[in-house]
Amino acid sequence: MSPPAPRGSGRMFDGIARRYDALNLLASGGLDRRWRRRTVRALALAPSDRLLDLATGTADVAILAARLVPGLSVFGVDPASGMLAQGARKAAAGGVKVALVAGDGQALPFPDATFDGVSIAFGIRNVPDRPRALAEMCRVLKPGGRLAVLELATPRGRFFGALARLHVNKVVPKLGAWLSRGDDYQYLAESIARFPPREEFVQTIGAAGFEDARAVPFSFGACVLFTARRPA
Ligand SMILES: C[S@@+](CC[C@H](N)C(=O)[O-])C[C@H]1O[C@@H](n2cnc3c(N)ncnc32)[C@H](O)[C@@H]1O
């Protein structure tokens, strides 16, 4: 028997790939779609641009970007081949062209200055060496290119914070266990709690070579969009 997949790794996500989209929808009540849309818009992409969607998973952001910006060249990278296979099926069913490539965010298989935009949605939490992955994102962006990092967080207000903790710590793991017969969704709660405060992560983005790094909270802080730019 193979050892259990490390939490957050591509292998763990391969184990839940077929149920991932349904779980996302149930866990976020559909808000994830609105958050992803705002992420793509923040990149202000033009039809002749090239986008890299890192930790693309089942390719929701990649497919959305291709739909919102006709003519855009979209590449999605993820180590989980099972997640990519689901993404490829969705793209084909929707008649959308995206290039999905197996790879690790800490060592991107692209030359310097390849992309006009880089997005990563609900993915940076899972990458073991975040500064290294951010430096890679900066390297593959063209000078002046934009970064958008979407990540879950714990709302800070007393009332909404308590409600969000209850949802993520109790409701989502139960939904996950029910739909995926495992405790992988317990990892979600733990990894959100472990993610640094937004001010600290803004500093980490800046230290990786970006400028103008900022954080915009969505839905009372249940989700945060970090944006930045590679210096021109
Ligand atoms: C929660 S899913 C997010 C998928 C997608 N971006 C979305 O919006 O639904 C997290 C993804 O991070 C990927 N991942 C894990 N480790 C990674 C790494 N080192 N580099 C890039 N992606 C990684 C997983 O395989 C998984 O598909």
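Is Glu211 buried, exposed or partly exposed? With a relative accessible area of 31%, Glu211 is partly exposed, where buried means under 20% relative accessible area, exposed over 50%, and partly exposed in between (1.4 Å probe, protein chains only). The structure is a predicted model, in which local features need pLDDT of at least 70 and side-chain atom pairs count only at pLDDT 80 or more, while totals for chains, interfaces and linings use all residues. Residues are numbered from 1 along each chain as its sequence is written, and side-chain values use heavy atoms, with hydrogens and water left out.

Salt bridges come next. Side chains of opposite charge can pair when their charged atoms come close. With a salt bridge defined as a side-chain nitrogen of Lys or Arg within 4 Å of a carboxyl oxygen of Asp or Glu, a search of the whole structure finds 11 of them.

Glu211 takes part in one with Arg229, and the closest N and O atoms are 3.2 Å apart. This pair links distant parts of the chain, as Glu211 belongs to strand 6 (residues 211-218) and Arg229 to strand 7 (residues 223-229), 18 residues apart. Helices (H or I, at least four residues) and strands (E, at least two) are DSSP runs, numbered from the N terminus. Arg229 is partly exposed, at a relative accessible area of 30%.

A further salt bridge joins Arg125 and Glu151, whose closest N and O atoms are 2.7 Å apart. Arg125 sits in the loop between strand 4 (115-121) and helix 6 (130-140), and Glu151 in strand 5 (residues 141-152), so this pair ties together parts that are 26 residues apart in sequence. Both ends count as buried: Arg125 has 7% relative accessibility, and Glu151 has 0%.

Lys90 and Asp21 also form a salt bridge, with 2.7 Å between the closest N and O atoms. Here the pair connects distant parts of the chain, namely helix 5 (residues 81-93), which holds Lys90, and helix 2 (residues 20-28), which holds Asp21, 69 residues apart. Lys90 is partly exposed at 25% relative accessibility, and Asp21 is partly exposed at 27%. Through salt bridges that share partners, Asp21, Asp32, Arg36, Asp60 and Lys90 are joined into one network.
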